[in-house]
Amino acid sequence: MSGIAKPEFAPLLAAGMHLMSMDDIEALCVSAFPQSTARSPIMAQLRTVVAALASAKISGSLWVDGSFLTKKVEPGDVDLCLCIRAEQLLCPKKANALHWFRHSAHALFPLCHPNLCFIASPGMSDREKKN
């Protein structure tokens, strides 16, 4: 570490969760920054990643975060966390899509930094939740 602090930028939204469509995100994070050259390519990659997940019928919540959700004019990327119910891994097509999202999407779409969060199903035993 160099010991130099990165500058902080004000958030575009108040703290908390906000239910938004892709068009809402684009209006907030891209259209509001006409001078930015970085935001449009980030949004294009985000849309492609989301379309791939939708094509595989992945259901869950996609949390969008990082400098893309701040007033930084030229963010470097968008951070993503896909929260899904663990039983989606039982479907081979969905399992393949989730593996792609976690392990390959960043290589193809380097402006997107994907992460997964698994949520245990209410009916799962404690043993299944740990595995």
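Me: Which exposed residues does the face of α1 turned away from its buried side carry?

Reply: This is a predicted model, in which local features need pLDDT of at least 70, side-chain atom pairs count only at pLDDT 80 or more, and totals for chains, interfaces and linings use all residues. Residues are numbered from 1 along each chain as its sequence is written, and side-chain values use heavy atoms, with hydrogens and water left out. Buried means under 20% relative accessible area, exposed over 50%, and partly exposed in between (1.4 Å probe, protein chains only). On the face of α1 turned away from its buried side, the exposed residues are Asp23 and Ser31.

Me: Which residues of α1 are buried, and what do they pack against?

Reply: Helices are DSSP runs of H or I with at least four residues, strands are runs of E with at least two, and both are numbered from the N terminus. Met22, Ile25, Cys29 and Val30 are buried in α1. They cover an arc (taken from the directions from the helix axis to the C-beta atoms) of only 85°, which puts them on the same side of α1. Contact means heavy atoms within 4.5 Å, and the buried residues of α1 pack against α2 and β1.

Me: How far apart are the end C-alpha atoms of helix α2?

Reply: The expected span of a helix is 1.5 Å times one less than its number of residues. For the 17 residues of α2 (residues 39–55) this should come to 24 Å. The span in the model agrees, with the end C-alpha atoms apart by 24 Å.

Me: At what angle do α2 and α3 pack?

Reply: Axes are lines fitted to C-alpha atoms, for helices over the stretch in contact, and angles run from 0 to 180 degrees between N-to-C directions. The axes of α2 and α3 are 9 Å apart, and the angle is about 165°. That makes the two helices roughly antiparallel (angles over 145 degrees; under 35 is roughly parallel, 65 to 115 roughly perpendicular, the rest oblique).

Me: Which residues of α3 do Val49, Ala52, Leu53 and Ser55 in α2 meet?

Reply: Leu53 and Val49 are among the buried residues of α2. Together with Ala52 and Ser55, they meet Lys93, Trp100 and Phe101 in α3.

Me: Is Gly76 buried, partly exposed or exposed?

Reply: Gly76 lies in the loop between β1 and β2. Not counting residues up to four places away in sequence, Gly76 touches Ile42, Ser67 and Leu111. With a relative accessible area of 46%, Gly76 is partly exposed.
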